[in-house]
Amino acid sequence: MAFYRQVGEVPRKRHTQFRRPDGRLYAEELMGEEGFSSDSSLLYHRGVPSSLVDARPWQLPDQATTPNAPLVPRHLKLHDLFPGEEAMPSTSAAADPVTGRRLVLGNADVRISYAVSSLPSPLYRNAVGDECVFVERGTARVETVFGALDVGPGDYVVLPRATTHRWLPTGAEPLRTYAIEANGHIAPPKRYLSKYGQFLEHAPYCERDLRGPAAPLLAEGTDVEVYVKHRGEGPGGLAGTVHVVPEHPFDVVGWDGCLYPYAFDVADFEPITGRVHQPPPVHQVFEGPNFVICNFVPRKVDYHPLAVPVPYYHSNVDSDEIMFYVDGDYEARKGSGIGKGSVTVHPGGHSHGPQPAAVEASLGAERFDELAVMVDTFRPLQLGEGGAAVDDGRYAWSWSGRGPTS
Ligand SMILES: [Fe+2]
């Protein structure tokens with residue numbers, strides 16, 4: 001995120017004495033990527049950011065995965081992971097947006113989890129990689145060491161690796177979050193940025209659409225727990241530790257730089273359309289190591305007089321393609337049982353495209369009112385416990401109309 005931001009008080013010169021009203025020095029911390037060679041921010045703490053008074057293991061939510069075998073496309077009904085939440089929001093009281101995550105899919109580069117929650121999360125820091133959390137429904141305040149973000153339906157919340165933060169669901173509706181956890185950094189596609197990092201004119205969004213923290217966030221507390229997810233020897237090469245710190249980690253009076261959390265509302269993504277079908281990269285919004293994130297937003301569709309608005313069949317020989325259907329009618333999947341809250345897994349090695357009836361049905365359409373978030377990975381994904389629990393077991397046969405159980 002090469003987009004400079006300054007919040008709160010910082011000294012005029014970096015790395016110089018900066019004192020509190022009582023005369024003591026603030027502790028300057030550089031939070032930076034790629035070993036002092038990429039984006040960073042300087043944060044000014046009231047306390048010492050290295051201070052620890054205790055540490056104990058944190059048993060992460062189940063991170064084990066099983067292969068997609070036999071290799072088939074799959075339909076995972078995410079809303080069934082938290083039954084009863086539509087009608088009785090209060091039953092979600094047991095879950096929070098971090099420890100309540102259920103792993104849907106994962107590989108060595110990225111993990112996709114889903115949570116429905118109404119409780120605040122503990123303070124949390126993902127030391128494995130950046131997180132991009134898509135808010136499907138509900139609202140929340142995301143408090144971070146950089147300041148707070150107020151987020152709601154359609155927001156992507158991008159949290160850089162090792163950002164101490166917590167999720168506070170707000171409002172009466174449960175918070176539904178689709179978390180994409182990378183093993184590295186998540187950023188806007190490089191082709192939309194100038195060589196110095198400014199968004200270019202052909203980008204479908206720009207700096208004005210990104211919401212960063214606007215003010216410092218200070219909190220009081222002693223012996224405060226921070227749940228840290230990090231690399232380790234557990235399933236997926238992951239482990240957890242609870243750090244106990246002597247003072248509340250939200251003690252930053254000011255910071256500046258190009259590394260910080262931000263939110264982006266998918267409604268601010270300006271779709272790129274054409275006379276004939278545009279390829280999926282026009283829908284790309286972010287990229288991470290060995291995966292991309294795209295979104296399919298409400299838009300005018302192909303306007304050639306003989307256009308076929310739904311996609312052609314495609315064999316993405318290098319990717320697994322994961323679509324999360326958020327809202328609207330998903331035209332290409334008509335007749336397959338896909339609805340809001342569905343996830344489809346279209347693995348490399350299988351050609352996919354519209355269900356047969358959807359092609360004729362789409363002819364003459366002028367708009368698609370669909371909203372979906374897609375993750376394409378360049379290494380195969382395996383099923384997490386959550387994904388395996390809500391596999392409909394029938395989707396693979398939806399193009400032929402018959403299968404082993406029909
Ligand atoms: Fe596709």
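Predicted model: local features only at pLDDT ≥ 70, side-chain atom pairs only at ≥ 80, totals over all residues.
The domain assignment divides the protein into domain 1 (52–61 + 85–251 + 260–266) and domain 2 (267–397), and the C-alpha centres of domain 1 and domain 2 lie 25 Å apart. To the contact between them, domain 1 gives 37 residues and domain 2 gives 41 residues. The table lists values for this interface.

| Feature between domain 1 and domain 2 | Value |
|---|---|
| Buried area | about 3,200 Å² |
| Share of that area from carbon and sulfur atoms | 61% |
| Salt bridges | three |
| Residue pairs in polar contact (both at pLDDT 80 or more) | 20 |

A salt bridge joins Asp-327 to Arg-137, with 3.6 Å between the closest N and O atoms. On the side of domain 1 that touches domain 2, the elements giving two or more residues include strand E10 (131–137), strand E13 (155–159) and strand E20 (262–265), while the largest share, five residues, comes from E7.

The largest nonpolar core holds 61 residues, of which Tyr-156, Tyr-178, Phe-286 and Ile-293 touch the most other members. Strand E8 (residues 110–117) supplies the largest share of this core, four residues, and the core draws at least three residues from each of domain 1 and domain 2.

Terms used
Residues numbered from 1 in each chain as written. Heavy atoms only, no water. Core = buried A, V, L, I, M, F, W, Y, C linked by side-chain atoms within 4.5 Å. Buried < 20%, exposed > 50% of the residue type's maximum accessible area, 1.4 Å probe, protein only. Domains from an automatic or database assignment. Contact = heavy atoms within 4.5 Å. Buried area = accessible area lost by both parts, 1.4 Å probe. Salt bridge = Lys/Arg side-chain N within 4 Å of Asp/Glu carboxyl O. Polar contact = N/O pair within 3.5 Å; in protein donor to acceptor, adjacent residues only side chain to side chain.
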